[in-house]
Amino acid sequence: MLQLRHYSFELPFQYPFSTAHGTKTHQPTLVVSLGLGQMRGYGEAPAITYYDVSVADMVASLESKKAMIERYALTDPQRFWHFLHHLIPGQHFLTAALDIAGWDLFAQLRKQPLYKLLGLRWENIPFTDYTIGLDDAETMLAKLKAHPWPIYKIKCSRPGDIDKIALLRTETTARIRIDANEGWTFEEARHLLPELHKLGVELAEQPLPRDAWEEMKELKAISPIPIYADESCRTEDEVRRCAEAFHGINIKLTKCGGITPALRMIKEARTLGLRVMMGSMNESTIGTAAIAHMLPLLDEAGADGPLLLREDVADGLHYDNGKMTVTDRPGLGIRATGVRPANYFGA
């Protein structure tokens, strides 16, 4: 019988983290564990206000379904996801945390690192970018100088932010990506994308609101740089529609519901000729490890969650100037450590 536990955290950012959706100094997150004997698998779901997801709501739902989850016989992680999909319908963040924990535990039972269980080899690994949140130009420049990195993702919200990109470009030859988080109008994007191209920006994420499909189709046709869907590609039923309006998609495990649907999204995206990125929602090492084990399947990665946090709840990932590696321990390969002063994972 499974043993289900959960732990709530408020993880502080190294810097206040600002996007077009707002600013926060801490990342609330829910960690779940599924135990079987001496083994324990972990998963994570950060709470995101603009998706109306809170730790309290996830905990309440988890407690109400705890007995049913603990009685589940974990013989196949994909079947476990389908069980969760019907047990807690529409709760993609919580489903993702449990799905990740299920894969972690199952891989441990099979005595394999997760990427090997998925049939992958640790090769053709894309580097991860490092995110610089919105701020005044001087502060953004100071963040860049403090964190030398081969690829940056720069958050944008207003047309005037291109001046900040231009300033950063004077100080680095690194690759630059931008993420507007739905912050622009069509006319703004039409004007800005050629200017960003001149600055050597290699791709733009979600320039328009998620439902602006017709405008996105037109923008894709004229953009000099690839455009990736983020908010427009939350779940797997949106992948096919994105093929008409974007050059690639950015999959978030929490938004789509975990590793199981993400694998299906990647497969479908490939059949449609879409490039595939997987991105962070400011997860700790636990949630980021799930992304890391899928790196061999990706073209681009934004798995920098632990780099943006001042405190973490696990170890087991290694970053070296954009290159990520995982351990050869079974499952996610992480060790849950907890943070001060409470919620120690061994409790």
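**Reading the pockets**

Visitor: Which strand supplies the largest share of the lining of the largest pocket?

Guide: In this predicted model, the largest share of that lining comes from S2, which gives 3 residues. Strand S1 (3-19), strand S2 (22-36) and strand S5 (151-155) each contribute at least two residues to the lining of the largest pocket.

Visitor: How should I read the space itself, and how much of it lies in the largest pocket?

Guide: The general idea is that a probe the size of a water molecule, rolled over the atoms, shows where empty space is left. In this structure, the largest pocket holds about 400 Å³ of space. There are 28 residues lining the largest pocket, and those closest to its centre are Phe17, Thr19, Lys24, Tyr50 and Asn282.

Visitor: What classes of residue make up the lining of the largest pocket?

Guide: Sorted by class, the lining of the largest pocket has 12 polar and 10 charged residues, together with 6 nonpolar ones.

Visitor: What is the volume of the second largest pocket, and which residues are closest to its centre?

Guide: The volume of the second largest pocket is about 280 Å³. Its lining has 16 residues, of which Tyr51, Val53, Gly90, His92 and Phe93 are the closest to the centre. Two elements, helix H1 (55-70) and helix H3 (92-109), are those that give two or more residues to this lining, and the largest share, 3 residues, comes from H3.

Visitor: How many residues of each class line the second largest pocket?

Guide: For the second largest pocket, the count by class is 6 charged, 5 polar and 5 nonpolar residues.

How values were computed. Residues are numbered from 1 along each chain as its sequence is written. This is a predicted model: local features need pLDDT of at least 70, side-chain atom pairs count only at pLDDT 80 or more; totals for chains, interfaces and linings use all residues. Side-chain values use heavy atoms; hydrogens and water are left out. On a 1 Å grid over the protein atoms alone, a cavity is a set of points where a 1.4 Å probe fits but cannot get out, and a pocket is an open set with protein on both sides within 12 Å along at least five of seven lines; lining residues have an atom within 4 Å of a point. Grid points are joined across faces, edges and corners, and a volume is the space filled by probe spheres set on the points. Helices (H or I, at least four residues) and strands (E, at least two) are DSSP runs, numbered from the N terminus. Ala, Val, Leu, Ile, Met, Phe, Trp, Tyr, Cys and Pro count as nonpolar, Asp, Glu, Lys and Arg as charged, and the others, Gly among them, as polar.
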